Amino acid sequence: MMRITTDTDYSAKDSHAHLKTRRQPDDRRPLKVLHAVGRMNCGGIETWLMHLLRTVDRQQHAMDFLVHSPEPGFYDEEILDSGARIIVAGSQFKLTTLTRNLNRTLTQFGPYDVFHSHVGHFSGYLLPVSRIHGIPTRIAHSHNDWARAEKKASLPRRVYLRTMASQIRLHATHGIAPSPQAARTLFGAGWQRDPRFQVMHYGLDFKPFEVPIQRDKIRSQFGFTPENHVFIHVGSFSEQKNHTFLLDVMKTIARRLPQSRLLLLGDGPLRNEIEQKIENLGLSRVVTLAGVRSDVPRLLRAADAFIFPSHFEGLGLALVEAQAAGLPCIISNTIPTDANLVPELVHALDLRKNTRHQWVNACVHTVVRKPADPQQAQIKALQTVCASDFNITNCAHTLFKLYTSG
């Protein structure tokens, strides 16, 4: 398969592939789903979608991805290798081009049975177009709790948010969110009174957490020794994830426990700013930036504790993974409690009421007081997480049932 830019002509090969996937008279073709995303980078939403793609029976479900960015995404190669399409529709800021490309996509590669939009309020623009094309199941998926950010929105932005929210309510057949907070952000305060809207947790494949690892060998790859206290954070370098506060906390931890280290997994628009702060605080030997990684389960199990001081989260999928790894987790209380699957591992603090030193005390206490049998504790935690509805098998069953509910 190939990455398709809809401004260009389709090749004969693309047309042939399209014809083969059209609904047959005996109706035996796969259920066809088009996911609308920004770009298939290594974020929480995209990682969940990849777990779905790896799990589905492709004889029954076919997934394509409509992206806004022309830049290649982290997961593009794997998506194309699976036989799915990546179709570039164009920027949200060029509506004429985007609308033309979306109409062309739905005509050329349809008919789709499901249009599943993951682009927040902009779903209010895409869903009416998908309805015009007769797609029977149209889903708006809220992935984050933007209430804090929206309070600071300008007047034009507030008008846009209200307009898009009304379009979602008018044209969506279903709305799903990973937590009540995320549902309220996109579907309004009364979302629970509308039977179309529901909370549905993400699902992940937890098998990678069962694979034996050489912990010391993994740590040595980053210059960490068995004596180091390794804290880990997983998340995009953005304001939401609160790296500035995290680094301030780490500065004090390093004074009290000189053997402490921090491993940051991810990338994003604030990377340069974060690198500068690390240098200014004198943490260059303490903090390691590992970038975007495909082996997060392996790295989590090589750490000693997980720190997650986000200002807000739709759910906090990284927190679920950290618990699957058996890590004690020091998190902000803004993160939905839906993700607290192993309560004895989770310590939630208030970013406004608890001081930086209280965060430091919690972190130091966590790594100094280690469980008697860490391996057994991890096995027990993993069993708890696997039995939850965050398991990819349970999640996929629930989602595909929704896809076929009409």
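Select Asp248 and Lys277 to begin, where the two side chains meet in a salt bridge with N to O at 3.0 Å, the term meaning a side-chain nitrogen of Lys or Arg within 4 Å of a carboxyl oxygen of Asp or Glu. This pair links distant parts of the chain, 29 residues apart, with Asp248 in helix 10 (residues 243-256) and Lys277 in helix 11 (residues 271-280); helices are DSSP runs of H or I of at least four residues, numbered from the N terminus. Asp248 is buried at 19% relative accessible area, whereas Lys277 is partly exposed at 21% (buried is under 20%, exposed over 50%, partly exposed in between, with a 1.4 Å probe and protein chains only).

The model is predicted, so local features need pLDDT of at least 70 and side-chain atom pairs count only at pLDDT 80 or more, while totals for chains, interfaces and linings use all residues. Residues are numbered from 1 along each chain as its sequence is written, and side-chain values use heavy atoms, leaving out hydrogens and water.

Stay in helix 11 and select Glu275 with Arg271, which are four residues apart and therefore separated by about one helical turn; their salt bridge has its closest N and O atoms 3.2 Å apart.

Next, select Arg215, Arg219 and Asp304, which are linked in a network of salt bridges. The structure holds 14 salt bridges.

Finally, turn to the cysteines: the structure holds zero disulfides, a disulfide being a pair of cysteine sulfur atoms within 2.5 Å. For Cys42, the nearest cysteine sulfur is that of Cys395, 18 Å away. Cys395 is buried at 2% relative accessibility.

Notes:
Helices (H or I, at least four residues) and strands (E, at least two) are DSSP runs, numbered from the N terminus.
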